[in-house]
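Let's take a quick tour of a protein model together. Have a look at the sequence and the 3D view, then read on.

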Amino acid sequence: MRPVEYCANATTKLGLLLSLLSKDPGEFRDRLHNFLEVRYERVRLRPNTHSTIGFNEVITLLNESFHWDLAGVLSEKALERVESYLDGLASSACVNGPFAASHNADLELARFCYAVCRVLSPKIVFETGVAYGITTSSVLQALAQNKQGRLYSLDLPPLAPKADSSTGLFVPRKLREMWTLQRGSSRRHLPELLERLGSIDLFIHDSLHTYANMYWEFQAVWPYLRAGGVLIADDVDGHSAFSDFVDLVAPSFSAVIPEKTKRAKFGVLVKRL
Ligand SMILES: C[S@@+](CC[C@H](N)C(=O)[O-])C[C@H]1O[C@@H](n2cnc3c(N)ncnc32)[C@H](O)[C@@H]1O
């Protein structure tokens, strides 16, 4: 289960990109678009200074506001097991795999996803951005504890040899029957998938963290997120997409939380009933 050891340099990436021109022109356009968007925003946008609250504080506030027992589910044995399993894998050999270690979600974000999933008892969870599958495994573990629900994940793997077969590599076999993984960019596939699902209970954004892509995903998902549903987004601190969206939709709850193992922040909001 250790990630295979290889590293794609710029020449390999360019070769893989150009090979898409004949194999899959749609994916070629998606990747070029992503590449240009990242470069454009790097020059044009500045990091956002959200006011933040700590992990424990947000747990208390959510428990009080929605009569949830997040603290209770955070002490479950099932969570402890999946966390120590993921911790062992994430700190092993992924540095040279197709996903740099920096792609891996912060374990505290993953436990937050687990806890929200436990208290919401969702029928449908949707996430964008899988990499090796840290948030994916945590959500699936929660669904297994709930004994109901399905996770739909959408991921466009990085340009690297064998990246496709490494997507979701950490996800334990026994949890996979509650999981549907679709390959491709969120902008191309999200609308059609949402249309098919009709309504979702929990949305987790962890794909391309540009302003344009995050704001677009939030707007695309919003009409399908049920009242009282939850949206969680990783890396909200690079720009103001999350806070602009909060201003737009006025949710019943929103917060930005600093991550424990990364210099990043994740956001959470709850849709008004
Ligand atoms: C930060 S990683 C996801 C981390 C993951 N949630 C975890 O728990 O470790 C981002 C993932 O999104 C994928 N990705 C990048 N751009 C994308 C896009 N436009 N649509 C879908 N997935 C994308 C990347 O290839 C990568 O697999």
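What follows is a short briefing on helices, a ligand site and a few single residues.

This is a predicted model, so local features need pLDDT of at least 70, side-chain atom pairs count only at pLDDT 80 or more, and totals for chains, interfaces and linings use all residues. Residues are numbered from 1 along each chain as its sequence is written. Helices (H or I, at least four residues) and strands (E, at least two) are DSSP runs, numbered from the N terminus.

- Helix H1 covers residues 10–23, and its 14 residues reach 20 Å from first C-alpha to last, close to the 20 Å expected at 1.5 Å a residue. The expected span is 1.5 Å times one less than the number of residues in the helix.
- H1 is hardly covered, since its count of buried residues is 0. Buried is the label for a residue with 20 or more other C-beta atoms within 10 Å of its own, exposed is for 12 or fewer, and partly exposed is for anything in between, with C-beta atoms placed from the backbone.
- Helix H3 (residues 55–66) has 12 residues and reaches 17 Å, close to the expected 16 Å.
- Just after H3 comes His 67, which takes a positive phi of about 55°.

**How helices pack**

- H6 (residues 107–120) and H7 pack at an angle of about 25°, with their axes 8 Å apart. Axes here are lines fitted to C-alpha atoms, for helices over the stretch in contact, and angles run from 0 to 180 degrees between N-to-C directions.
- That makes H6 and H7 roughly parallel to each other. Angles under 35 degrees count as roughly parallel, over 145 as roughly antiparallel, 65 to 115 as roughly perpendicular, and the rest as oblique.
- The axes of helix H5 (residues 77–90) and H6 come within 11 Å and cross at roughly 150°, so H5 and H6 are roughly antiparallel.

**Around the ligand**

- How many residues surround the ligand? There are 23, and the closest are Ala 105, Gly 129, Ile 134, Ser 207 and Leu 208. A residue is near a molecule if its C-beta atom, placed from the backbone, lies within 6 Å of it.
- Helix H7 (134–146) and strand E2 (150–155) each supply at least two residues of this shell.
- The shell divides into 11 nonpolar, 10 polar and 2 charged residues. Ala, Val, Leu, Ile, Met, Phe, Trp, Tyr, Cys and Pro count as nonpolar, Asp, Glu, Lys and Arg as charged, and the others, Gly among them, as polar.

**Loop residues with positive phi**

- Ser 121 sits in the loop between H6 and strand E1 (124–128), and its phi is near 45°, a positive value in a residue other than glycine.
- Is Ser 121 buried, exposed or partly exposed? Ser 121 counts as partly exposed because it has 14 C-beta neighbours inside 10 Å.
- Ala 131 is in the loop between E1 and H7, with a positive phi of about 50° although it is not a glycine.
- Ala 131 is buried, because 27 other C-beta atoms lie within 10 Å.

**Sequence versus space**

- Asn 56 lies in helix H3 and is exposed, with 11 other C-beta atoms within 10 Å.
- Asn 56 and Ile 257 are 201 residues apart in sequence and 9.7 Å apart in space, C-alpha to C-alpha.
- Arg 44 lies in helix H2 (residues 25–44) and is exposed, with 9 other C-beta atoms within 10 Å.
- Arg 44 and Ile 134 are 90 residues apart in sequence and 31 Å apart in space, C-alpha to C-alpha.
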